[in-house]
Amino acid sequence: MLDLAAANLLSPMVLCFGLGLLAALLRSDLTIPEAVAKGMSIYLLFAIGFKGGVAVAENGIDAGLALAIGAGVLLSFGLPVIAFTLLQRISGLSVLDAAAVAAHYGSISIVTFVAATSVTEAAGLRPEGYMVAVAAAMEAPAILSALWLVARNGQGRAMEPDLLREILLNGSIVLLIGSFVIGWITGPQGLTEISAFITAPFKGVLCLFLLDMGLVAGRGLRANRQGGGKVLDRGAIAFALIMPLIGGGLGALAGAGVGLSTGGVMLMATLGASASYIAVPAAMRVALPEANPSVYLTLSLGVTFPFNLTIGLPAYLWLAQTLNGA
Amino acid sequence: MQMHPAKRVEITIEAVMERRLTEALAGAGVTGWTVLPVMGGSGRSGVWSREGQVGRAGGMVQVVCLIRPDRLDGLLDAAFAVVERHIGVVCITDCAVLRAERF
């Protein structure tokens with residue numbers, strides 16, 4: 001496990017993230033323009049979705065897909081309840097802030113998922129291609145769980161009818177599922193045609209994107225520090241380090257339980273461990289505007305994302321190998 | 001040149017609320033507005049910047065309307081119903097326009 005962690009820490013991906021984090025903390029003027037960051041995220045989503053679809057076309061589809069999606073959806077519904085309970089016990093966050101944070105930890109971070117696929121490839125594993133569909137299915141249920149938690153604690157309000165459509169059809173889900181279907185339809189022939197675009201540059205683009213993530217995370221941490229650390233208490237920061245291990249452990253057990261391969265179990269653990277910072281924050285701004293965005297964005301992107309990238313991913317790989325006896 | 005008094009309403013609001021706001025304005029009979037991107041800023045909710053951001057959650061936009069003074073209250077009622085619970089600023093200034101029939 002220590003070898004895995006050391007190799008991961010010295011990978012270009014993690015070092016690029018570290019560079020971004022350091023640059024932001026040292027107040028460098030290094031920036032990635034918004035349009036470039038969005039372009040890179042579109043590229044990564046398209047590439048990962050397409051390659052997942054091609055893998056399904058090559059290996060066929062079995063009952064494992066339905067089981068894995070079912071397990072993923074259950075996890076996404078259940079994790080916010082655990083996260084909310086934990087936050088209420090160890091942090092001083094209000095009900096609304098705790099529920100908003102819980103939604104982030106039940107949903108998934110697609111960039112962490114992309115980084116995890118690179119780790120599985122480096123380990124010589126071939127996870128099930130349909131894990132992309134599992135990732136997409138796990139984006140939304142946590143938001144509904146969080147709104148239920150708020151209502152249960154007497155602070156509920158009617159859910160805007162259009163919000164569910166926005167959540168289910170947000171750009172990242174549409175692109176991920178759309179490119180997955182295109183990859184499935186066109187198969188290995190389709191991959192050969194566009195391989196030069198979506199295979200060769202993939203890791204380089206991921207490195208640049210993680211550089212940007214490091215910059216954004218560093219700015220969030222700096223803003224929290226400049227605010228005297230008032231936004232986040234120690235309990236909340238401890239939560240952001242403990243919850244990924246709980247979610248990752250449950251994800252790994254769920255993955256092994258439905259019979260996924262070692263790579264698939266590792267990806268399921270990563271999905272359980274990661275916290276959203278694209279789809280859920282936008283939904284929370286609409287559904288729970290009184291919740292403080294500095295709290296959930298800093299925890300998700302400033303604490304949990306770096307933790308998963310550096311320590312979490314090798315830990316989930318080790319867990320998957322242990323559970324599957326690989 | 002003949003000029004006519006008008007009101008310039010600037011509503012700086014979270015990007016995720018843009019569509020809801022413009023739909024509310026249209027529902028109140030407002031026929032024109034301009035949406036401007038906002039690069040960054042600082043306020044009661046802290047410092048923020050669009051640089052490097054991928055999601056829309058951390059971003060703001062500014063919706064600018066020029067309107068006849070007698071229609072201001074209707075616009076503000078519609079806008080306030082949307083922005084009341086959200087981060088943002090509503091600012092009204094006096095201005096003058098050349099072609100009054102367009103407002």
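Visitor: What makes up chain B, in helices and strands?

Guide: Chain B has 2 helices and 6 strands, where helices (H or I, at least four residues) and strands (E, at least two) are DSSP runs, numbered from the N terminus. Along the sequence, the pattern of chain B reads β-α-β-β-β-β-α-β. This is a predicted model, in which local features need pLDDT of at least 70, side-chain atom pairs count only at pLDDT 80 or more, and totals for chains, interfaces and linings use all residues. Residues are numbered from 1 along each chain as its sequence is written, chains are lettered from A and ligands numbered from 1 in the order in which they are written, and side-chain values use heavy atoms, with hydrogens and water left out.

Visitor: How do you know whether A:E290 is buried or exposed, or in between?

Guide: Buried means under 20% relative accessible area, exposed over 50%, and partly exposed in between (1.4 Å probe, protein chains only). A:E290 has 39% relative accessibility and therefore counts as partly exposed. B:R85, with a relative accessible area of 38%, is partly exposed.

Visitor: What separates B:E23 and B:R19 along helix 1 of chain B?

Guide: These residues are 4 apart in helix 1 (residues 18-27) of chain B, so about one helical turn separates B:E23 and B:R19. Their side chains meet in a salt bridge of 3.0 Å, N to O. B:E23 is partly exposed at a relative accessible area of 47%, and B:R19 is partly exposed at 29%.

Visitor: What makes a space in this structure a cavity, and how many are found?

Guide: On a 1 Å grid over the protein atoms alone, a cavity is a set of points where a 1.4 Å probe fits but cannot get out, whereas a pocket is an open set with protein on both sides within 12 Å along at least five of seven lines; lining residues have an atom within 4 Å of a point. The search finds 2 cavities of 30 Å³ or more. The largest cavity holds about 60 Å³ of space, and the second largest cavity about 40 Å³.

Visitor: Which residues line the second largest cavity?

Guide: Its lining consists of A:S41, A:L44, A:L45, A:I110, A:V111, A:V114, A:F209 and A:I278. Helix 3 and helix 6 of chain A are the elements that give two or more residues to this lining.

Visitor: What is known of the second largest pocket?

Guide: The second largest pocket has a volume of about 670 Å³. Its lining has 28 residues, of which A:K51, A:A55, A:E121, A:R126 and A:P127 lie nearest the centre. Helix 3 of chain A gives the most to this lining, with 8 residues.

Conventions. Grid points are joined across faces, edges and corners, and a volume is the space filled by probe spheres set on the points. A salt bridge is a side-chain nitrogen of Lys or Arg within 4 Å of a carboxyl oxygen of Asp or Glu.
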